[in-house]
Each structure stands twice: as C-alpha cells, then as structure tokens.
Amino acid sequence: MAGSLTRRMALALVALSALAALGASSGIAAPRQPGVALRPLESHVHAHVNARRAQHHIAVLAAHVAPTGIAAPRKQAVALSPLETGLLANVNALRAQHHLAALRLSAPLSAAARAHTREMATQGYFEHESANGTPFSKRIQAFYPWGRWSTWSAGENLLWASPDIDAQDALQTWLDSPPHRANLLNPSWREIGIAAVHATAAPGEYHGQDVTIMTTDFGVRR
C-alpha cells in the first residue's frame, strides 16, 4: 500500500444482568458480501507496521450475566498461529507486570473469537454483534456457557489493521485506549480466547483492502 492512512477507533461497552441492560454501541451498517479469501497468519507476517501507513480499528466490550443451567463444555486443545501465540504471551507478560493472574487459554473462548473474526472478514463488518444482530452476550454464551458456575462474565477487544500488524503493535494499540487497557488489565479475568485472520480484498467496512482482524475474548466462570 502507498500513502498515509488514518487511524480510527470504535468502542462499545455493554453490561447485562438478570434485571437490567445498559449499553452503548454503534450499529452494523457495512455491507455483508461473501467470497473473501482467508488465510492463516504465519510466521512471515510483517514484524512491524509503520503507524503512518497502517489503519488500526479497535472495539471493546464487556458483559456480565446471571447463571443458568447450561452444561459446562469439555476442555479442548487450542492450536494457535505464531501471531496468536505472540499476543497471548504479550498479554500475560503485561498482566504479570501489574501483578495480575495470567490468563489460561480457553478453547471455548478461542472458538468464539475465531468464528466471529472470520464472519467479520467474510461479511465486511466490524462490530461486537453478529452479522444477524445477535448481541455479544448471546454470541459468547453459545461457546462459553454459564454451566454449573454461579457467576459468569466476558469481555472482548477487537482490532483490524491494513495490511498486517504484529502482536506487540496490536497490544500497544489497545493499551493506548483506556477502555481496552482496562479490559486487558481487568483483575477478574481468568481465561482468554484469541483469533487473528488475514483477509484479502475484504469487503464492506474494509473497502477491498487486505486486512488483519484480531479478536481477544476474556472470561471468568466460578
């Protein structure tokens, strides 16, 4: 890509309980077009992104809900790309610097993050809600249910950059935004799911650019 591209941020905050729902978010307004080529992010992804040439778009969300009787999922192994592995290491290193517990990699949260990231890439939108309007809390619960736990909370940070971004720059972009920083350093979180997808000629919100889209889903159940 040539020339200088602007940096923008999109924020969404949601808190839910059995009795009330409070939130602020932007609507899904981008076209939803299929046919985007996706590829896994491998070790040859550019080591650094020049901030003057990269677009970083980020969003943050958290949800807290009351428990139900959904059965708990079994533990599963999670396969991460080098970019995802680097982001996990950086997040936990950051939390260690602040004397916070390291986050366990969660297969259910990673599945939720990957499904949402791929949907955003192929359908050309950038929101916490699903393309069909399903809110974040319900979308996450499909992968990360309340089960036998008495409390359940989940949060999410989103980011997209064109054309690529590395783990350190992604973390720094979130740290530069107070709501995203708060999500990363929330002492309540115990688990994390991570997904990063590269899409070529991505539609809608991405205007046909090659983009890297990243999702981190945070959770605690106890």
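## Strands β6 and β8

Strands β6 and β8 pair in the antiparallel sense, over 10 bridges. This pairing belongs to a predicted model. Strand β6 covers residues 152–162, and strand β8 covers residues 211–221.

Ile192 stands opposite Phe218 in β8.

## How β8 is enclosed

How many of the residues of strand β8 are buried? The count is 11 of the 11, so the strand is largely enclosed by the rest of the structure.

Both faces of β8 are covered. On one side sit Val211, Ile213, Thr215, Asp217, Gly219 and Arg221. On the other sit Thr212, Met214, Thr216, Phe218 and Val220.

Asn157 is found in strand β6. Is Asn157 buried or exposed? Its relative accessible area is 0%, and buried means under 20%, so Asn157 is buried. The side chain of Asn157 has polar partners. One is the side chain of Asn183, with a polar contact at 3.0 Å. Another is the backbone oxygen of His180, which lies 3.4 Å from a polar atom of the Asn157 side chain.

Ala161 also has its place in strand β6. Ala161 is buried, and its relative accessible area is 0%. Which distance separates the C-alpha atoms of Ala161 and Thr212? They are 5.4 Å apart, while the two residues are 51 residues apart along the chain.

## The whole chain

The chain holds 5 helices and 8 strands. From the N terminus on, the elements run β-β-β-β-α-β-α-α-β-α-α-β-β. Of its 222 residues, 49% count as buried.

Contacts across the sequence are also summarised. Among contacts between residues at least 6 apart in sequence, 81% join residues at least 24 apart. The chain exposes about 10200 Å². Carbon and sulfur atoms supply 56% of that area.

Definitions and conventions:
Residues numbered from 1 in each chain as written. Predicted model: local features only at pLDDT ≥ 70, side-chain atom pairs only at ≥ 80, totals over all residues. Heavy atoms only, no water. Helix = DSSP H or I, 4+ residues; strand = E, 2+ residues; numbered from the N terminus. Buried < 20%, exposed > 50% of the residue type's maximum accessible area, 1.4 Å probe, protein only. Contact = heavy atoms within 4.5 Å. Areas by Shrake-Rupley, 256 points an atom, 1.4 Å probe, with all protein chains shown as cover. Polar contact = N/O pair within 3.5 Å; in protein donor to acceptor, adjacent residues only side chain to side chain. Pairing = 2+ DSSP bridges.
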